[in-house]
2 protein chains.
Amino acid sequence: MKAVGIIVEYNPFHNGHWYHLQETKKQTGADCVIAVMSGNFLQRGEPALVSKWARTKMALAAGVDIVIELPYAFAVQAAERFANGAVMLLYALHCAEICFGSENGDITAFLDAAKTFLKQKEEHDRYVQEALQKGLSYPQANAEAWKRFGLASLDLAKPNNMLGFAYVKSILQNQLPIVPRTIRRIASNYHDETFSHPSIASATSLRKTLQGSAGRLEMIAPYIPAATKQVLRQYTETYGTLHEWEVYFPFLKYRIMTAEEAELREIAGVEEGIEYRLKQAIATASTFSALIDKVKTKRYTWTRLQRTCTHILTNFTKEQQNQAEAPTYIRLLGMTENGRRYLQHVKKHLLLPLVTKVAKLKNDPIYRQEKKAASAYAAIFSEPLRTQVLKEEYATAPIQL
Amino acid sequence: MKAVGIIVEYNPFHNGHWYHLQETKKQTGADCVIAVMSGNFLQRGEPALVSKWARTKMALAAGVDIVIELPYAFAVQAAERFANGAVMLLYALHCAEICFGSENGDITAFLDAAKTFLKQKEEHDRYVQEALQKGLSYPQANAEAWKRFGLASLDLAKPNNMLGFAYVKSILQNQLPIVPRTIRRIASNYHDETFSHPSIASATSLRKTLQGSAGRLEMIAPYIPAATKQVLRQYTETYGTLHEWEVYFPFLKYRIMTAEEAELREIAGVEEGIEYRLKQAIATASTFSALIDKVKTKRYTWTRLQRTCTHILTNFTKEQQNQAEAPTYIRLLGMTENGRRYLQHVKKHLLLPLVTKVAKLKNDPIYRQEKKAASAYAAIFSEPLRTQVLKEEYATAPIQL
């Protein structure tokens with residue numbers, strides 16, 4: 001059996017994802033699609049709209065065969081660490097190919113860029129540092145560096161190109177036996193907040209429309225599969241809310257206000273004296289957006305700050321981040337019958353332990369952070385729901401379809 | 001002008017406090033009564049029912065002339081540290097006498113006990129340690145030790161006797177020029193939860209009746225002055241709630257669940273491996289009472305655990321506790337015209353700086369903890385009220401009557 005890996009967040013799963021999934025199957029002819037998916041918190045430093053279990057249901061309903069959790073220590077990270085964590089998991093599962101969506105759509109551009117980068121890494125880094133010192137943001141500086149090295153054809157200021165580049169780089173750098181592929185994304189840019197296509201819209205625009213409540217589910221119905229709609233409706237009926245930063249703000253504010261600057265300095269992502277800016281701004285910020293607006297600088301962008309705030313909320317330290325070099329386990333969130341067959345097929349050759357019961361992981365530092373993230377994610381619920389959701393983290397069996 | 005000092009929590013101010021205040025004036029003939037009062041959190045490790053400002057109003061309305069804040073670092077502490085902090089503040093304000101309520105009512109018993117204790121300190125401590133190891137709680141062990149030394153006439157298992165003993169001991173130990181006095185408390189034991197006197201009831205029973213809402217204010221009306229009733233009513237109208245542990249539980253749970261054991265171990269009061277018991281119990285505890293019930297042991301009593309949980313909530317570390325040897329400032333919460341005259345009279349001779357604007361204290365370690373406590377206290381309010389309450393901590397001028 002041949003497996004293809006994809007790297008996803010499904011926040012929520014929409015028609016664009018569906019298109020990518022079908023094209024992936026068609027173009028690779030794989031027997032099994034394995035998705036590595038972020039858990040409670042996402043790459044850009046946001047809480048996931050609904051739980052990992054709910055998003056696993058969406059994925060399986062759409063035709064993904066196996067859903068694996070990308071641990072927090074790799075999920076809530078800039079492109080390079082995010083990509084390395086995901087690629088190493090897909091490698092451990094013996095995926096023959098990895099297929100990602102990109103604005104570019106041409107794998108040669110990615111391979112060229114990655115090869116050039118690996119050759120010229122030092123020179124590139126020096127150039128980025130210089131551009132940062134001139135006051136450019138990191139994505140701008142990176143794009144500038146690429147122009148300088150004659151690779152402007154791959155626009156790395158576009159998030160999906162940047163991620164794709166990171167996947168390919170990780171494969172080449174680690175000399176993994178994985179073939180990278182890319183499919184051009186259609187109709188919608190990554191962060192588009194407007195709807196211009198009859199059935200495709202970005203996850204960002206869908207979340208904006210929902211704005212933390214499923215009341216407006218009908219409005220996004222044209223852009224999501226029926227299963228997504230059903231799962232979102234069911235989630236809201238059971239848990240009473242969708243998850244977004246503003247709902248977590250009371251806890252973030254409590255934590256920043258009662259922490260000393262020196263404690264904040266130990267948190268992953270807290271650099272360049274941002275702890276003083278956070279402490280200064282928090283007392284008078286009454287929303288999360290207001291806080292970020294007050295604190296952000298040219299170099300400390302919105303996304304970087306969101307990520308840092310997520311680490312503060314979940315208490316993820318630099319020490320923990322440094323210790324987490326690569327995934328140490330494969331956590332199965334869900335599978336289809338076909339997925340089960342694939343796992344049977346490879347189970348003796350997996351490069352990391354396959355875990356369905358997380359109780360076994362209680363001394364694993366990477367899982368300990370997952371548990372803290374799950375605790376923070378559940379904090380917004382009233383009792384007894386909160387206790388129930390905390391239990392779900394370790395008691396939920398893999399979703400089966 | 002002659003001043004008498006009293007040490008109070010007024011949670012809330014009731015007729016028993018009123019009786020103590022009038023008797024103090026009558027028996028000492030002082031021109032001015034100075035109350036040192038706990039702020040947002042109290043000696044037994046609980047949030048104060050209403051803010052320090054509201055309780056200051058109750059005190060001034062009843063005839064206290066000056067209200068001074070006992071800093072968090074001394075307020076949320078066992079008897080000895082609590083007493084030392086308060087006594088040193090009253091000494092810095094040149095109080096000639098200190099007058100406390102007690103179950104015993106005879107100052108000679110306290111003086112004898114304190115003198116004996118200071119003579120036999122080592123022997124006493126050794127005896128207490130032995131009793132603790134036999135499995136007794138600290139109050140029991142202490143009482144046992146006293147019996148052994150022939151001082152059973154002063155029952156130190158009674159909280160107010162224990163506090164009174166600590167005041168007298170502090171005066172003698174520091175050789176302060178302060179005369180201690182005591183007034184026998186009438187009609188109600190410290191923690192009585194029943195009402196047996198027509199107009200006197202314990203603060204504990206009053207809080208139990210209110211149970212976090214002012215809806216039952218009429219029921220406690222016979223036991224409190226009209227001013228207390230008015231302040232409680234006004235507070236609930238403005239802030240929508242009274243403060244009690246259960247309302248803070250979501251934040252405590254969030255904090256314990258996202259903290260590592262090693263971090264909890266740095267918090268004041270976390271001893272004897274209680275961090276493991278807390279981490280173990282918190283996930284399935286859906287109320288504060290349930291948590292304490294699960295975690296408490298013979299040696300780790302309810303009050304001690306409450307205090308520890310308060311330190312976790314406000315992030316008060318052992319290091320901060322060790323650094324706070326004695327008060328470093330006199331924070332004025334309120335005064336009457338008479339109080340103002342007294343302060344004019346002594347202002348050149350005060351032994352610590354008198355502070356009305358706390359912005360000046362921003363680098364004072366003891367005040368930094370006060371600010372963290374105030375932040376935690378305000379955490380339960382929704383925005384924009386929360387931001388307003390945070391501002392009150394530093395922007396409220398001393399209450400004047």
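Predicted model: local features only at pLDDT ≥ 70, side-chain atom pairs only at ≥ 80, totals over all residues.

Trainee: Which parts does the pair of Glu97(A) and Arg181(A) tie together?

Mentor: Look up the element of each partner. Glu97(A) sits in strand β4 (residues 97–102) of chain A and Arg181(A) in strand β5 (residues 179–184) of chain A, so the bridge ties together parts 84 residues apart in sequence.

Trainee: Is Glu97(A) buried or exposed?

Mentor: Read the relative accessible area against the cut-off: buried means under 20%. Glu97(A) has 7%, so Glu97(A) is buried. Arg181(A) has 27% and is partly exposed.

Trainee: What does Glu69(B) pair with?

Mentor: Glu69(B) forms a salt bridge with Lys52(B), and the closest N and O atoms are 2.8 Å apart. Glu69(B) belongs to strand β3 (residues 66–70) of chain B and Lys52(B) to helix α2 (residues 52–62) of chain B, so this pair ties together parts 17 residues apart in sequence. Glu69(B) and Lys52(B) are both buried.

Trainee: Where do Glu272(B) and Arg304(B) lie?

Mentor: First the pairing. The side chains of Glu272(B) and Arg304(B) meet in a salt bridge at 3.4 Å, N to O. Glu272(B) lies in the loop between α13 and α14 (274–282) of chain B, and Arg304(B) in helix α16 of chain B, so the pair ties together parts 32 residues apart in sequence. Glu272(B) is partly exposed at 48% relative accessible area. Arg304(B) is also partly exposed, at 26%.

Trainee: Which residues are linked in a network of salt bridges?

Mentor: Follow the links from partner to partner. In chain A, a network of salt bridges links Lys52(A), Glu69(A), Arg331(A), Glu370(A) and Glu393(A). Over all chains, the count is 46 salt bridges.

Trainee: How many salt bridges are there between chain B and chain A?

Mentor: Eight salt bridges run between chain B and chain A. One example joins the side chains of Glu261(B) and Arg368(A), at 3.0 Å from N to O. The count of residue pairs in polar contact between chain B and chain A is 20.

Trainee: Which elements give two or more residues to the side of chain B that touches chain A?

Mentor: They are α12 (245–258), α13 (261–264), α16 (302–314), α19 (365–378) and α20 (385–395) of chain B. α12(B) gives the most, with eight residues. By residue type, the side of chain B that touches chain A divides into 13 nonpolar, eight polar and nine charged.

Trainee: What area do chain B and chain A bury between them?

Mentor: Read the total, then the atoms behind it. The chains bury about 2,600 Å² between them, 51% of it on carbon and sulfur atoms. In chain B, Tyr254(B), Thr258(B) and Glu260(B) lose the most area to chain A, together 23% of what that side buries. The contact takes 30 residues from chain B and 30 residues from chain A.

Trainee: How many residues of α8(B) are buried?

Mentor: Twelve of its 15 residues are buried, so α8(B) is largely enclosed by the rest of the structure. Among them are Met162(B), Leu163(B), Phe165(B) and Val168(B). The cover includes β1 (3–8), α4 (79–92), β4 (97–102), α5 (107–119), α7 (138–148) and β5 (179–184) of chain B.

Trainee: What should the span of helix α8 of chain B be?

Mentor: At 1.5 Å a residue, the 15 residues of α8 (residues 159–173) of chain B should span 21 Å, and the end C-alpha atoms are 21 Å apart, which agrees. Just after α8(B), Gln175(B) takes a positive phi of about 50°.

Trainee: What does Leu352(A) touch?

Mentor: Leu352(A) lies in the loop between α18 (337–346) and β7 (354–355) of chain A. At 18% relative accessibility, Leu352(A) counts as buried. Leaving out residues up to four places away in sequence, Leu352(A) touches Leu89(A), Ala92(A), Pro327(A), Thr328(A), Tyr329(A) and Ile330(A). The C-alpha atoms of Leu352(A) and Leu93(A) are separated by 8.1 Å, although these residues are 259 residues apart along the chain.

Technical notes
Residues numbered from 1 in each chain as written. Chains lettered and ligands numbered in written order. Heavy atoms only, no water. Helix = DSSP H or I, 4+ residues; strand = E, 2+ residues; numbered from the N terminus. Expected span 1.5 Å × (residues − 1). Buried < 20%, exposed > 50% of the residue type's maximum accessible area, 1.4 Å probe, protein only. Contact = heavy atoms within 4.5 Å. Buried area = accessible area lost by both parts, 1.4 Å probe. Salt bridge = Lys/Arg side-chain N within 4 Å of Asp/Glu carboxyl O. Polar contact = N/O pair within 3.5 Å; in protein donor to acceptor, adjacent residues only side chain to side chain. Nonpolar A, V, L, I, M, F, W, Y, C, P; charged D, E, K, R; others polar.
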